[in-house]
Structure formats: structure tokens, C-alpha cells
Amino acid sequence: MQNSITLLIMDNLSFSIRPIRPDDKDSLQLALNQMTSQSRRSRFFSGRILLSAQELAYFTEVDQVNHIAFVAITNELLPAGSIRCVRSPDRANYAELAITIVDKYHHLGLGFRMFQILATAAIAQNINYFFGDFQNSNTQMLKLLEKYNRSHLQEKGQLVVRHTSDGFLSFEISLT
Ligand SMILES: CC(C)(COP(=O)(O)OP(=O)(O)OC[C@H]1O[C@@H](n2cnc3c(N)ncnc32)[C@H](O)[C@@H]1OP(=O)(O)O)[C@@H](O)C(=O)NCCC(=O)NCCS
């Protein structure tokens with residue numbers, strides 16, 4: 001697995017994207033503290049601000065095979081975001097996707113770059129599809145998926161998005 005990739009935004013802002021580690025627990029919690037309640041709701045479907053010790057262990061102690069996760073850290077060593085996918089227990093080449101970028105770093109291309117990196121790592125582990133749910137008001141997430149779909153796939157129609165009855169969008173996207 002790749003070690004670290006640098007995304008240069010401007011002279012005084014860059015992000016280092018690398019596989020998550022067990023010692024990222026504090027930085028994961030700090031990232032959550034710095035997100036707006038709207039973004040926390042978009043990710044966790046609730047405004048909660050504290051992760052439990054069990055959740056922090058689950059999020060950071062990953063095997064990078066069935067649970068693949070990356071973090072982004074700024075050049076000032078501040079947490080900027082994380083992305084993960086967890087292999088489906090009943091469909092081995094599918095994994096559920098979750099992504100969180102700290103609000104002040106939104107719309108800089110970081111989410112898209114992290115998605116690309118996660119997709120490459122997932123394909124190497126024979127994961128060919130990401131799936132997940134997000135609120136139907138979450139246009140940023142929809143745009144991110146559409147952007148990946150446009151730039152990476154030869155065939156059209158690889159991204160499938162369905163409205164669910166409870167105000168969510170459920171998606172499936174092919175990575176290969
Ligand atoms: C969804 C999310 C991950 C996008 O991350 P990001 O780093 O801002 O995304 P990018 O900068 O890579 O942008 C990807 C595309 O999304 C769109 N987008 C991102 N932020 C946007 C904004 N504030 N307004 C409008 N469009 C936006 C753009 O179309 C962009 O494509 P472009 O570069 O061609 O314009 C981020 O908004 C987030 O963390 N939200 C809270 C958590 C969440 O919703 N997670 C998804 C459910 S698990």
C-alpha cells in the first residue's frame with residue numbers, strides 16, 4: 001500500500017494523505033470537534049461530537065484489506081479528513097464508503113483526491129464497488145461521486161443513485 005501522497009493546494013497549504021494508524025485516535029476526535037454540526041449530521045446522521053473508545057479503535061485499528069482507511073493531515077499537522085471503506089460481509093467485492101473532510105478544507109479537491117486514493121487501494125484488494133447512503137440534501141457528496149464517475153469510467157451509467165423513502169440517497173459506484 002502507498003505510504004504518503006502530498007496534495008499541494010497553494011504555497012502555504014498542503015495535505016499529506018496516508019493510511020490511517022492506531023495513533024490517529026486523538027486526531028480523528030479533533031477533526032470531528034472542528035466540523036460543523038451539519039457536516040457531522042451528513043457523516044453520522046446525528047450531531048454527536050464524541051466518539052467512544054470502541055469507535056475510535058474500530059476507526060483506527062484497521063487491517064487495510066477488509067477495512068481500508070486514509071487520513072489527510074495539513075502541513076501544520078492538523079487533521080483535515082478521513083475516508084474509509086468496509087467490505088460487505090455478503091458481497092466480497094463491495095465495500096461501504098464513508099468520508100469526512102473538516103469544513104474549512106471543503107471544496108479544495110481534497111475529498112475527490114482521497115476518494116481516488118481509496119479507490120486505488122480498494123481495487124488492489126479486489127473491491128470493485130463502493131456503496132453507501134447520504135442525505136438527499138447532500139449535494140457535495142453527490143457531486144463528488146458524479147465527478148469520480150465522469151473522470152474514471154469509460155462507460156456511462158456506472159453510478160447508480162436511488163432515493164429511499166426516508167429522505168436518503170443510496171448509491172453504488174463501480175471503481176473499475
Ligand atoms: C462531501 C465531502 C466529503 C466533499 O469533500 P470536498 O473535499 O469538499 O470535495 P472536493 O473539494 O473534492 O469536491 C468534489 C466535488 O464536490 C463539489 N463540491 C464540494 N464542495 C462543494 C461546495 N461547498 N459547494 C458546491 N459544490 C461542492 C464540487 O462539484 C466538486 O467538484 P469540482 O471540483 O469539479 O467543482 C465534504 O463536503 C464532507 O466531508 N461533508 C460532510 C461529511 C459527508 O457528507 N460525508 C458523506 C457521507 S459519508
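Predicted model: local features only at pLDDT ≥ 70, side-chain atom pairs only at ≥ 80, totals over all residues.
Phe130 stands opposite Ile173 in strand 8.

Strand 6 and strand 8, residues 168-174, run antiparallel and share seven bridges. Strand 8 has another partner as well. Strand 7 pairs with strand 8 over five bridges, again in the antiparallel sense. Take Val161 as an example: its bridge partner in strand 8 is Phe171. Strands 7 and 8 make a hairpin, and four residues sit between them. In that turn, Gly167 has a positive phi of about 80 degrees.

Now zoom out to the whole chain. We have five helices and eight strands. Along the sequence, the pattern reads β-β-α-α-α-β-β-β-α-β-α-β-β. How do the eight strands line up in the sheet? The sheet is open, its pairing is mixed, and the order is 1-2-3-4-5-6-8-7. The edges are strand 1, residues 5-10, and strand 7, residues 159-163. Each has a single partner strand, so one side of each has no neighbour in the sheet. From one strand to the next, the twist averages 20 degrees.

Move along to strands 3 and 4. Strand 3 covers residues 67-74 and strand 4 covers residues 79-87. They run antiparallel, and seven bridges join them.

Overall dimensions next. The C-alpha trace spans about 40 × 35 × 35 Å along its principal axes. Of the 176 residues, 28% count as buried. Take contacts between residues at least 6 apart in sequence: 62% of them join residues at least 24 apart.

On to the ligand. Which residues are closest to the ligand? They are Ser42, His106, Gly111, Phe112 and Lys143, out of 22 residues that surround the ligand. Several elements give two or more residues to that shell: helix 2 (37-44), strand 5 (94-101), helix 4 (110-124), strand 6 (129-135) and helix 5 (139-152). Helix 5 gives the most, with five residues. By class, the shell has nine nonpolar, 10 polar and three charged residues.

Stay on helix 5 for a moment. Glu146 lies in that helix. Glu146 has 14 other C-beta atoms within 10 Å, so it is partly exposed. Here Ile173 returns, the residue that faces Phe130. Glu146 and Ile173 are 27 residues apart along the chain, and their C-alpha atoms are separated by 9.4 Å.

Last, the loops. Phe45 has a positive phi, near 60 degrees. Phe45 sits in the loop between helix 2 and helix 3, residues 53-60 for the latter. Buried or exposed? Phe45 is exposed, because it has 12 other C-beta atoms within 10 Å, and the cut-off for exposed is 12 or fewer.

Gln64 also has a positive phi near 60 degrees. Its place is the loop between helix 3 and strand 3. Gln64 counts as partly exposed, with 14 C-beta neighbours inside 10 Å.

Val65 lies in the loop between helix 3 and strand 3. With 13 C-beta neighbours inside 10 Å, Val65 is partly exposed. Val65 and Gln125 are 60 residues apart along the chain, yet 6.0 Å separates their C-alpha atoms.

That is the tour. Over to you.

Notes: Residues numbered from 1 in each chain as written. Buried ≥ 20, exposed ≤ 12 C-beta atoms within 10 Å, placed from the backbone. Contact = placed C-beta atoms within 7 Å. Near = placed C-beta within 6 Å. Nonpolar A, V, L, I, M, F, W, Y, C, P; charged D, E, K, R; others polar. Pairing = 2+ DSSP bridges. Axes fitted to C-alpha atoms, helices over the stretch in contact; angles between N-to-C directions.
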